[in-house]
Amino acid sequence: MLAINNIEVIYNNVVLVLKGISIDVKPQSITTILGANGAGKTTTLKSISGLLKPERGQVTRGSIEFNGERIDKLAPHETVKKGVVQVFEGRRVFTHLSIEDNLLAGAHIVSDMKTVRDMIDQVYTFFPRLKERRTGQAGYLSGGEQQMLAIGRALMSNPKMIMLDEPSLGLAPMIIEEIFGIIQRMRKEAGVTILLVEQNANLALSIADHGYVMENGSIVMEGPAKELLANSDIQEFYLGIGEGGDRKSFRDVKHYRRRKRWLG
Amino acid sequence: MFHRESGYYKTTYASDSALYPLPIARFTVAGFAILFFVVAPLLVSSYYLTILNLVGIAIVGALGLNILVGLTGQISIGHAAFMSVGAYTAANLATRFDLPFWITLPAGGLMAAAIGIIVGFPSVRIKGLYLAISTLAAQFIIDWIIVHTPAISGGFQASIQVPRPSVFGIVLDTQRELYMFILVTAVLAIVIALNIARSRIGRAFIAIRDQDIAAEILGIDVRRYKLMAFAISSFYAGVAGVLYTYYSGVANNEFFPLVVSIDYLAMVIIGGMGSVLGAIFGATFVTLLPIAIDLFMTAVGPYLIEDAGALSGIKSHMRLVVFGGLIMFFLVVEPEGLNRLWLNIRSYFRVWPFSY
Amino acid sequence: MKRILASIAVAGGLAAMTAAHAGEIVIGQMTDRTGPTANVGNPVGDGAQDYIDLINSQGGINGHTIRLVEVDNQYKVPPAVEGYQRFKSEGAVLVGLFGTPITQALTADLQKDKIPATTPGFGTALAADGNAFPYLFPAAASYWSQAGAAVEYAKQQMGGLKGKKIAYLFYDNPAGREGLPVLRKLSELEGYTLNEFPVPAPGIEMDNQARDIARRFRADFVISHLFGRAPSVQINALKRAGFPLEKVVSFVWGASEADVAAAGGFEAAEGYAGLQFAGVGDDFQVRRDIKAMLKAQGKEARESMSSTVFYNRGLLISALHVEALRNAVAANGGKADVTGTQVRDGFHAIKDFSLGGLLPPLNLGGGDHEGGGWVRVFKVTKTGFEPATEWFKGYRDVVFELIKEESAKMKN
């Protein structure tokens, strides 16, 4: 469905951020990209949705195709019309609009009022909490509710694929679990493809079908989520589990850093 | 506007999107309509109608700036220049081609909108103070072009005498007759502004103001909507400029200096950014307050200061001090403007006398 | 909206308290005490007020007191239109305007309401034509007359104009450009070369223009028409460029005590000359009378009296108003209930009125509402302004012909 072929991204004409990345997302799958801070995960999402330009970045090599069409040269609003929508890290809801108006703003590209209403109802079935507070100002929602609103708002554009950038950021474990449950339901009930960027590797891999691991602007490992979960390096560096299954002390992890196999 | 129900009872989408959520709101609106359309022109003296005319024109202008600054979050300090564009467009059309007001009024607005789009182009790339400076430049450039193009300004005096508008053969050449003309235009402007604010376009504007990047990835063409905001805002300014021209019977660039732009910005800020009611409050407040202070000082002053000469000097300066002081007072009490103050009062009475 | 209603109620109550009394004549006077030209507006307003007080203290006009309703228009049109309506509601039969845009905005209304207005130093030059503008009385030299007079003065100073080079240094706004038609026309007639040097707003940087005038164009004479801070900037810029100030004459808004002070004082600006339509200085009977009146009331002389250029213009405005009212009251059988039209005729009846030398000998009858376009040149000396000429007019025939031509164009 989404095929990223060997792209390079350069900021300010100087800084090479992505060094030849290829990612393949299958229809109706949940694909996750893991990686530490600064690995280039968000840049990857931005290059898909067309948001590099305001930050003076550009795709200098390679291509991004969505259902066979090139989308790497499109403006963000055109990308949305193709059916790809991104949910930002840190939520960014329109704080002064009511919850329902936030959702309506998300449906900007849909002109048929009936479809819009059906979609609002669908979003409310995913997120019943939003329905309870539909006329309240979005700025007064809790963090978790804002994240739900951001996801719901993205759903309103009737996308084929949603890209979620760290939906777990700064949320309580219970809320995170709830949101991840809903993400799975969205795939099942609305048939949306999901590209998930996460630092919480354990959680992400537990719901994903396929995973990629990024470091320093390159993909260093990929595979089905189950295999990655079982991989000893992933376990050590991302899940913090030692080879014996015990928790490692921080000191040992540092020690092992030098032994990352893929760097060798 | 003045009344609210005690809870939330809507069950259909139609009732939810109604402009008047309660039957009683209809009565309030009807009441205001009778007051302004029937009672005021019959009972109010021509002097106070003049003031109402000024308020009406200011409301049209402030509504326009509110769409740009309040709804879309783009700062402009060149609003007066667009008024000037509207004024000269209408003046030229009215004097050269004898066109009636129902052509010159929208034509002035459209011309201002066209110029507004050009001036709005920098907003695609820059925001905030940087944009403010570029609109400031527009203010001076437009002014310069008008004054230095005799074909627009009508000669070295840069002023064009404009015949007053006529409706069904009646020339509206007193303030009393102009009142209806300005009132109808202002009401239309309010209705359109209300509808813009709660439509798809209005939501896109607010989305751009709150989170422009988030708006962009929801499929809102930020560039197009920013330019649209400039166009709509300038259209309103242009119409206000035309009203001004008919109000004073002459188009002149000295009517629209930078200070006027600042005045309009003050109206939007004091009224409460992003709300139609706020723009109306702000325009009314900024227009009426100096006049009210002046009248008050004229009436009370002689009892305080005997020397008439000294009084007129003190009076004028006191007006500025009191005006500035009151603006600061209101903004400190409620930084979100008069509209928020009004909403607070209303919600207090909604549950009165049982708080909580 | 409740706010509007409340304000209306309050304001309505106030207006009722100040309605006109019998035996009282109301003059509406606009000033600009707080706007961009407040440095002019305050002394002018004080002068106008003091003269009315003086007349009232001497028993008014035929026993009727004059009430001056002053509105500060801030040099903005909306407050001026509002102020004009306030004058009307207070029963004013005569209005003093302040500001060119304001004059233009109110011209049509004045004509319709048949209320005469004075516009000394403001408004279009065309208003001199009493047939075209029956209710406007500039009553002082318009910019066109000033341009004519400035050329006349240059001619006297240089002993002829043929082959000379004159620089016109002007503020680049409509008022500043207004002198151009006359200067251009006279350059054809008199055979001097005219070069135009516009100064863009806000006019606080003029070194380039001054250098061009002094070195490149090598002007023989400079006629300048500037406002606000620009005149003082001009004095210093011309000095820096090495151009002698003796060869400069300014229009009426560029030579006041404030301008000289801003340029560094009388010593620094020595030689600089300016046209005036009212006398400059303290040596006039009417000023002595006002001081005596203030003293009798136990008050100090106002600070603004020391700004003689503008204060005296305020006196001129009110003096003309009082003369016109006097004539109108006389024509009305001594009663106070004069109409605007009677006051207009009162203006027409003003003949050789000079207020003890403070004004030129004004005649406002015979269709010339400018009263002849008189000016007098005052020169800066080490100690103050000294008259450099008597009252004179320049090229009146040429100017009036231009006025006739332009009014004819307007009618078409």
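This is a predicted model: local features need pLDDT of at least 70, side-chain atom pairs count only at pLDDT 80 or more; totals for chains, interfaces and linings use all residues.
**Sheet of chain C**

I began with the strand order and found an open sheet of five strands, running β2-β1-β3-β4-β5 in chain C, with parallel pairing. Looking for the edges, I noted β2 (65-72) and β5 (136-137) of chain C, each of which pairs on one side only. I then followed one pairing inside the sheet, that of β3 (residues 94-96) with β4 (residues 117-118) of chain C, which is parallel and rests on two bridges. On the β4(C) side, C:T118 is the bridge partner of C:G96.

Next I asked which strands helix α12 of chain C lies across. I found that α12 (residues 308-331) lies across β1 (24-31), β3 and β4 of chain C, and that the helix runs at about 170 degrees to β3(C).

**Helices α2 and α11 of chain C**

I looked up how α2 (residues 38-57) and α11 (residues 285-296) of chain C are placed, and their axes come within 10 Å and cross at roughly 70 degrees. Because angles of 65 to 115 degrees count as roughly perpendicular, I recorded α2(C) as roughly perpendicular to α11(C). For the residues that meet, I listed C:D50, C:D53, C:L54 and C:S57 from α2(C), facing C:D289, C:I290 and C:M293 from α11(C). Sorted by class, this contact of α2(C) with α11(C) holds three nonpolar, one polar and three charged residues.

**Contact of chains A and B**

I turned to the two chains and noted that their contact takes 24 residues from chain A and 17 residues from chain B. On the side of chain A that touches chain B, the elements giving two or more residues are α2 (76-82), β6 (84-87) and α3 (99-106) of chain A.

**Two asparagines of chain A**

I checked the backbone of A:N13 and found a positive phi of about 65 degrees, although A:N13 is not a glycine. The residue sits in the loop between β1 (2-11) and β2 (15-25) of chain A.

With 14 other C-beta atoms within 10 Å, A:N67 went into my notes as partly exposed.

Conventions: Residues are numbered from 1 along each chain as its sequence is written. Chains are lettered from A and ligands numbered from 1 in the order in which they are written. Axes are lines fitted to C-alpha atoms, for helices over the stretch in contact, and angles run from 0 to 180 degrees between N-to-C directions. Helices (H or I, at least four residues) and strands (E, at least two) are DSSP runs, numbered from the N terminus. Angles under 35 degrees count as roughly parallel, over 145 as roughly antiparallel, 65 to 115 as roughly perpendicular and the rest as oblique. Two residues are in contact if their C-beta atoms, placed from the backbone, lie within 7 Å. Ala, Val, Leu, Ile, Met, Phe, Trp, Tyr, Cys and Pro count as nonpolar, Asp, Glu, Lys and Arg as charged, and the others, Gly among them, as polar. A residue is buried if 20 or more other C-beta atoms lie within 10 Å of its own, exposed if 12 or fewer, and partly exposed in between; C-beta atoms are placed from the backbone. Two strands pair if DSSP finds at least two bridges between them.
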